[in-house]
Amino acid sequence: MLDYFTKGLKKTTDAMQNVAPKKKIKLSKDEIEDILLEADVEYALIEIIERELYQDEVTREQLRSKLLMTLAYAHYKEPEYSAPFVDLVVGVNGAGKTTTIAKLAKRYLDQGDRVLLGAADTFRAAAIEQLTRWAEKLDVPIVSSRQGHDPSAVAYDAIESAKAKGFEHVIIDTAGRLHNQKNLANELKKIVRICDKAHGGAPHRKLLILDGTQGNSAIAQAKAFHEIINIDGIIITKLDGTAKGGSVFSIAYALELPILYVGVGEQPEHLVPFNKYAFVDSFLDAIFEDEEIKVEVSEKIAAKIVNILALRDEERKELYRLINSDGFDVLSKHFVRDQRNWNEYKYVANEELQQFQILERNGDILHAYDAALLVKES
Ligand SMILES: Nc1nc2c(ncn2[C@@H]2O[C@H](COP(=O)(O)OP(=O)(O)O)[C@@H](O)[C@H]2O)c(=O)[nH]1
Ligand SMILES: [Mg+2]
């Protein structure tokens, strides 16, 4: 996975290394600004990041926490549903909708599910043909009609057919452009309505496909789609073909929506589930020198705590007190010395995994430490 990100972001990290050829342990704010601009992070967001950085010389972990902060909406929760799960795929022409549908279908097939495609981009004959070719290649059924037919009817028939066959998934393609914007909005709304009629709760996921080579200019477009049908998640395509990979941060931050996958090539396997930690690390690896990350436990904590997973109440309180004061720095080199930020996180001892975890508010794990590291050796 990580490899896919690193490869897919090669053009972006190459561009970053053009302005910062030498990897360092610390970077000045000016250097960070230049690097992020080069990667096409929106200037307004860079300003926010800089405002949150209190140090003149910034470490990898300090920048890491700020970049992760911009992806705080990366959390997606699947709704309750009964099969088939219906994905509705929208986006402008050429964004990569049809290709991404093939990639998604492959993922579903690989996990042993049956998939049916709905060719509801009836605006262009070529679009129907393209999806039909993918369906043949992947050997999955497709419901389509002739050019100019009602796309809602195609969506309805596709869902009905998948229900009758007992399939797990339906993926519906849509047109990216009609005669005018208003038509497109009305049509998309109608497709959503009709999906729900065919199968209560459908479409379960409205996916917006954005062309990564457009960088930040995709933001306005994304907002327009979001206003029309309330997007559930974003897929950014063609990251392999652009030096504008940093726009992923601005897009996620501006739309407050999760990035679910990124496209890093034209083949069906080139759809990578978005992992914000791996994504951020691919950026940081390009500009920061490796620094061995060790978790050092202070004498104070080590002396007091035998096993943090078997703490008595007062011991646990003491640990939390330490974490919230000077102990924070000791437990983790990963955090900035920023009291306001510390309060954003929760600390839990996960007994099942034998880990001490630092969680974000939404429950995502920011860091996990093996309990063994925190056990006093005696
Ligand atoms: N390099 C690269 N090309 C992609 C990716 N996703 C889509 N494409 C290409 O982008 C072009 C437009 O894709 P298409 O699926 O037809 O877009 P649609 O009009 O939104 O359905 C095609 O040539 C695809 O092969 C990607 O992740 N990487
Ligand atoms: Mg298409």
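I call a residue buried if 20 or more other C-beta atoms lie within 10 Å of its own, exposed if 12 or fewer, and partly exposed in between, with C-beta atoms placed from the backbone. My test case was D211: it has 22 C-beta neighbours inside 10 Å, so it counts as buried.

**Ground rules**

I am working on a predicted model, where local features need pLDDT of at least 70, side-chain atom pairs count only at pLDDT 80 or more, and totals for chains, interfaces and linings use all residues. Residues are numbered from 1 along each chain as its sequence is written, while chains are lettered from A and ligands numbered from 1 in the order in which they are written.

**Entry: whole chain**

I looked up the secondary structure and got 16 helices and 13 strands in the chain. Helices (H or I, at least four residues) and strands (E, at least two) are DSSP runs, numbered from the N terminus. Of the 378 residues in the chain, 43% are buried. Next I checked contacts, meaning two residues whose C-beta atoms, placed from the backbone, lie within 7 Å. Among contacts with a separation of 6 or more, 72% are between residues 24 or more positions apart.

**Entry: the sheet**

I traced an open sheet of eight strands with mixed pairing, in the order β5-β4-β6-β3-β7-β8-β9-β10. Two strands pair if DSSP finds at least two bridges between them.

Helix α10 (residues 218–229) lies across β3, β7 and β8, at about 160 degrees to β7.

Then I went through the pairings. β7 (residues 205–211) and β8 (residues 233–237) run parallel and are joined by five bridges; L210 stands opposite I236 in β8. β8 and β9 also run parallel, with three bridges, and I235 has Y261 in β9 as its bridge partner. Strand β9 (residues 259–263) has four of its five residues buried, so the rest of the structure largely encloses it.

**Entry: back to D211**

D211 sits in strand β7. Which residues does D211 contact, leaving aside neighbours within four places in sequence? I found G94, A95, G96, A218, T237 and K238. K238 is 27 residues from D211 along the chain, yet their C-alpha atoms are separated by 6.3 Å.

**Entry: nonpolar core**

A core here is a set of buried Ala, Val, Leu, Ile, Met, Phe, Trp, Tyr and Cys residues joined through C-beta atoms within 7 Å. The largest one has 94 residues, of which L117, A155, I159, C195 and I234 touch the most other members. Helix α9 (residues 181–198) gives the most to this core, with seven residues. Not counting residues up to four places away in sequence, C195 touches V86, L88, A155, I159, A202 and P203.

Most residues other than glycine have a negative phi, and most peptide bonds are trans. The A83 to P84 peptide bond is cis, with omega near 0 degrees; P84 lies in the loop between α5 (60–70) and β3. A202 and P203 are also joined by a cis bond, omega about -5 degrees, and P203 lies in the loop between α9 and β7.

D40 is not a glycine but has a positive phi of about 70 degrees, in the loop between α3 (29–38) and α4 (43–52). D139 has a positive phi near 60 degrees, in the loop between α7 (125–138) and β5. Are these two buried or exposed? D40 is buried, with 22 other C-beta atoms within 10 Å, whereas D139, with 7 C-beta neighbours inside 10 Å, counts as exposed.

Conventions
Axes are lines fitted to C-alpha atoms, for helices over the stretch in contact, and angles run from 0 to 180 degrees between N-to-C directions.
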